[in-house]
Amino acid sequence: ALPICGIAEMHEHHSLGYPDLDELNKNPEPLIFEIEMLKVEDPGSYRQDPWAMSDEEKLQAVPLIHEEGNQLFKEGKVQEAATKYYDAIACLKNLQMKEQPGSPDWIQLDLKITPLLLNYCQCKLILEEYYEVLEHCSSILNKYEDNVKAYFKRGKANAAVWNLNEAQADFAQVVALDPSLASVVTKELKKLEARLREKDHEDKARFKGIFQ
């Protein structure tokens with residue numbers, strides 16, 4: 001038998017396919033709907049999703065979303081802060097796609113994206129998502145070779161995943177670009193050395209157990 005659509009089936013069998021709807025169709029009654037209120041928002045607090053905003057609305061929303069991310073970060077809500085930074089970046093990236101790469105407007109948008117991306121990377125460092133930090137910081141440094149914060153965050157991420165030479169090179173660049181951070185870098189290198197000693201001790205204990 002050939003398949004038939006729902007309307008054709010309704011005409012053929014005089015049925016909607018559901019007994020309760022058939023009964024309602026024969027004997028119509030007023031319908032009562034129950035609406036559940038999920039939350040109440042303050043006047044003016046509603047914000048459209050980025051995809052539904054106009055270009056002007058996106059530009060106006062970015063500083064507000066950035067500040068919300070900063071506040072969440074201060075409160076220790078790191079994952080929520082990362083989401084806010086990501087949303088702000090998405091707004092700006094959407095606008096940037098409409099510009100010619102390297103044009104003045106494209107560069108202006110990129111300069112707004114960079115601090116947001118560094119904040120996002122800080123969240124990802126805390127969340128121990130190191131490879132995402134490596135990717136984003138490297139993308140920043142491909143464009144802005146003197147960005148100290150990107151070198152520092154990438155150095156920490158490299159150290160966390162045991163890319164020792166890369167970590168030392170990144171930390172060396174931090175000091176070269178900003179000598180006032182020498183003490184901070186020294187502290188990070190000492191942490192790395194302590195982790196190396198601990199790892200070496202664990203490896204020796206492990207191999208000792210294997211060869212006994």
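This is a predicted model: local features need pLDDT of at least 70, side-chain atom pairs count only at pLDDT 80 or more; totals for chains, interfaces and linings use all residues.
Helix H6 spans residues 130–143 and contains 14 residues. The distance from its first C-alpha to its last is 21 Å, close to the 20 Å expected at 1.5 Å a residue. Six positions are listed as buried in H6, namely Val133, Leu134, His136, Cys137, Ile140 and Leu141. An α-helix has 3.6 residues a turn, so residues three or four places apart point the same way. The cover over the buried residues of H6 includes helix H5 (104–126) and helix H7 (148–160).

Two packed helices are described by the angle between their axes and the distance between the axes. For H5 and H6, the angle is about 155° and the axes are 10 Å apart. Angles over 145 degrees count as roughly antiparallel, and H5 and H6 are therefore roughly antiparallel to each other. Their crossing is left-handed. On the H5 side, the contact is made by Trp106, Asp110, Thr114, Leu117, Leu118, Tyr120, Cys121, Lys124 and Leu125. These residues meet Tyr130, Glu132, Val133, His136, Cys137, Ser139, Ile140 and Lys143 of H6. By class, the residues of this contact are 10 nonpolar, three polar and four charged. Of the H6 residues in the contact, Val133, His136, Cys137 and Ile140 are also among the buried residues of that helix.

H5 also packs against helix H4 (residues 78–96), where the axes come within 9 Å and cross at roughly 160°. H4 is thus roughly antiparallel to H5, and the crossing is left-handed. H4 contributes Val78, Ala81, Ala82, Tyr85, Tyr86, Ala88, Ile89, Leu92, Lys93, Leu95 and Gln96 to the contact. Their partners in H5 are Trp106, Leu109, Asp110, Lys112, Ile113, Leu116, Leu117, Asn119, Tyr120, Cys123 and Ile126. The contact of H4 with H5 comprises 17 nonpolar, two polar and three charged residues. Trp106, Asp110, Leu117 and Tyr120 of H5 take part both in this contact and in the contact with H6.

With a relative accessibility of 32%, tryptophan 162 counts as partly exposed.

Definitions and conventions. Residues are numbered from 1 along each chain as its sequence is written. Side-chain values use heavy atoms; hydrogens and water are left out. Helices (H or I, at least four residues) and strands (E, at least two) are DSSP runs, numbered from the N terminus. The expected span of a helix is 1.5 Å times one less than its number of residues. Buried means under 20% relative accessible area, exposed over 50%, partly exposed in between (1.4 Å probe, protein chains only). Contact means heavy atoms within 4.5 Å. Axes are lines fitted to C-alpha atoms, for helices over the stretch in contact, and angles run from 0 to 180 degrees between N-to-C directions. Angles under 35 degrees count as roughly parallel, over 145 as roughly antiparallel, 65 to 115 as roughly perpendicular and the rest as oblique. A crossing is left-handed if the near helix is turned anticlockwise from the far one by less than a right angle, and right-handed if clockwise. Ala, Val, Leu, Ile, Met, Phe, Trp, Tyr, Cys and Pro count as nonpolar, Asp, Glu, Lys and Arg as charged, and the others, Gly among them, as polar.
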